Amino acid sequence: MIKKILQGIKATMGIYEARTDGVYGLLAEFPHPGALIDAARKIRESGYQHFDTHSPFPIHGMDRAMGLGQSKVGYLTLIGGISGLGLATWLQWWTSAIDYPINISGKPFFALEPAIPIMFELTVLLAALLTVGGMLAMNGLPRPYNPLFYSREFLRVTDDAFFLHIAASDSNFDLQETEALLKNFGASSVEVIHDHGHSDLNSA
Amino acid sequence: MSNSTGNSVSIPAEPPLVTGNLGFHDITQLVSYHTEKRPPSVWYMTLLVSTSLLSVLMLMIGYLVWNGVGVWGNNNPVGWGWPIVNFVFWVGIGHAGTLISAILFLFRQQWRTAINRSAEAMTIFAVICALLFPTIHVGRVWVIYWTLPLPNQMEMWPQFKSPLLWDVFAVSVYFTVSLVFWYIGMVPDLATLRDRARNTFRKRILGFFSLGWSGANRHWRNYEKTYLLLAALATPLVLSVHSVVSFDFAVSIIPGWHTTIFPPYFVAGAIFSGFAMVMTLLILARKIYGIENIITIDHLEKMAIITLLTGSMVGFAYITEFFIAWYSQVEYEQYAFINRATGPYAWAYWIMMSCNLLFPQFFWVKRLRRSIPFLFVTSIIVNIGMWFERFVITVTSLHRDYLPSSWDYFNPTFVDVLTFAGSFGLFMTLFLIFLRFLPMVAMAEVKMVLPESDPHFYDNHDSKPEHPEAQ
């Protein structure tokens, strides 16, 4: 049960479990972004869920083609911002009005006006850090081990190549049928990816 | 995707952002190549000069720490001499990068993609130089941690009502957020370098810093949202940093400092000087590294226009200050300004006026905006002018305080001069290391502004073009 939930969470990060025979999935190359977005839509319409596209830059409209909703990172930014604001307010109020009040020219021990700059700074700081931390967590990064990295062709994904990867963990996955489907949708080449090492899921 | 063949309304084409018919791979090659080949001999020569200056800086800091701040020209009324002038100067330069990466991103100014990486790098290095000066200016550097919110041995806390403490927070938060923004923007490009790396050591290092990036769309989705949010957070941050720096002056009661115009005026000046520094560096870098097709003359022209705009804003602020001094009918305020223009520091005032207000006005002429030698010279003049602006604000306001018996003229010592010169060594050394080891152009972002990156680019072509850029 817990394992299933964990697998579901990891699937949203693009981390999939290899089959017992070591097959991680199929990696299909497409000639250009237009073909990739087309294929992604058709793959989704064919009922696949554990798939992802890989490209050197984000492709406009790909989230819709893959059926992905809005990113949730923004909620973490909000939480970070509120905590920063709270921390700054509490810090300035508690240190100067409660813990060690010092009378300077008869000014109030704590007032909102001089507290604003630091309230702003800490709001931005924590919001930014939580946004980045949250992005990395939601993406399952850093992920030094990825079975896709075994593919020689995949080295070009950060240069000028466009790939679609269907994971073997998908319930519709079938080595022959899926490969035929990908070829049918315009893949210029399809490669079977094996997981040679210990993926983090298997060891967990 | 097949229904758009009838959709062939021709929109007047914008000039291409990347010239020379470059494809995706060409961009990867053009940018990555410089981190992989042996650097050109100019690089080594510049590095030699920079590291020599850096050693001068280290020596001067050592000399200062050993002897105390008396080695500077700071005297009784002018307690804030060159260290604070240099701090404001460097922190101002450190504004362009995050402005380009954040504000221009929110305004969807796609031309920024060519210059944002190097401008952000410049920002970070300038802020490092800036942070150095107040740190050594405190005198006893070894207790600089007193600026952190920690109770001291008497259980007292730092004074949060002090603008100087706001400054500590503002500049260090700006530095942290800029660094994070820069690094996150670089992760996909570091992955590009990782995938091109031949030897294991290079692969390992880049593999570590690229976090296992695989260009997955599930990742791009969160990544792009993060980038947008960071831009939205960094935008007010950029505007706040120099505002808070200006509070150091404006919250005091010194005539010439105590003005409400300071925050916007400082921000405009910061952007002005920052863009000038970006121009100086990029005019050289694009030439030496042969990336004139990515950082095109159009980019430089756009920066010249921003320089013209911000320069005029700064000039307008100078004149407004004078007007308000007269209009306020405050004798001290009036004296401070008349003394600036005609007193012992009139020479500095007029250098500032001509460099900042006059010279950028040449950019009204399109031919001059597109002349690289002229841009280069003006960008340096602007930065000289902006250094003098900070000098004028800091020193002329302090050298005549309320008590005539303490009036004095400020003269810098060799330590002042060499420390400032040395800070350029620090800045240049860091920038050269950046040019050598990191992708100086945001490759993934530049690829995105190519027409071939749009999936609809392929709608009208029935065959799959092998080289879409041939279209």
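Which residue of β3(A) stands opposite Leu27(A)? Select Leu27(A) in this predicted model and look across to β3(A): the residue facing Leu27(A) there is His165(A).

**Strand β1 of chain A**

Show β3(A) next to β1(A); the two run antiparallel and are joined by six bridges. Then show β4(A), residues 189-194, which is also antiparallel to β1(A) and linked to it by six bridges. Return to Leu27(A) and look towards β4(A), where Glu191(A) stands opposite.

**Strand β2 of chain A**

His54(A) of β2(A) has Phe163(A) of β3(A) opposite. Now colour β2(A) by face. In a regular strand, side chains alternate between the two faces of the sheet. Here Phe51(A) and Thr53(A) are on one side, Asp52(A) and His54(A) are on the other, and all four are buried, which leaves both faces of the strand covered.

**Chain A as a whole**

Zoom out to chain A. Seven helices and four strands make up its elements, and their order from the N terminus is α-β-α-β-α-α-α-β-α-β-α. Among contacts between residues at least 6 apart in sequence, 82% join residues at least 24 apart.

Colour chain A by confidence. Its mean pLDDT is 87, and 97% of its residues reach 70 or more. Then select residues 199-204 of chain A, where pLDDT stays under 50 and the model has nine contacts beyond four places in sequence. Where pLDDT is low, the predicted coordinates should not be read in detail.

**Where chain B touches chain A**

Display both chains. The contact involves 56 residues of chain B and 62 residues of chain A. On the chain B side, α1 (24-36), α6 (163-196), α8 (217-250) and α16 (443-448) each supply at least two residues. Of the elements on this side, α8(B) gives the most, with 16 residues. Coloured by class, this side of chain B shows 30 nonpolar, 15 polar and eleven charged residues.

**The nonpolar cores**

Which residues have the most contacts inside the largest nonpolar core? Select Val177(B) and Val278(B), which hold that place in a core of 149 residues. Helix α9 of chain B, residues 262-288, provides the largest share of this core, 16 residues. Centre on Val278(B): beyond four places in sequence, it touches Ala96(B), Ile115(B), Ala119(B), Met122(B) and Met303(B). A second, separate core has 35 residues, among them Ala28(A), Tyr48(A), Leu148(A) and Ala168(A).

**Last stop: Glu301(B)**

Select Glu301(B), in helix α10 of chain B, residues 297-328. Setting aside neighbours within four places in sequence, Glu301(B) is in contact with Arg369(B) and Arg370(B). Finally, draw a line from Glu301(B) to Arg367(B): their C-alpha atoms are 9.8 Å apart, though 66 residues separate them in sequence.

Terms used. Residues numbered from 1 in each chain as written. Chains lettered and ligands numbered in written order. Predicted model: local features only at pLDDT ≥ 70, side-chain atom pairs only at ≥ 80, totals over all residues. Contact = placed C-beta atoms within 7 Å. Nonpolar A, V, L, I, M, F, W, Y, C, P; charged D, E, K, R; others polar. Buried ≥ 20, exposed ≤ 12 C-beta atoms within 10 Å, placed from the backbone. Pairing = 2+ DSSP bridges. Core = buried A, V, L, I, M, F, W, Y, C linked by C-beta atoms within 7 Å. pLDDT = per-residue confidence, 0-100.
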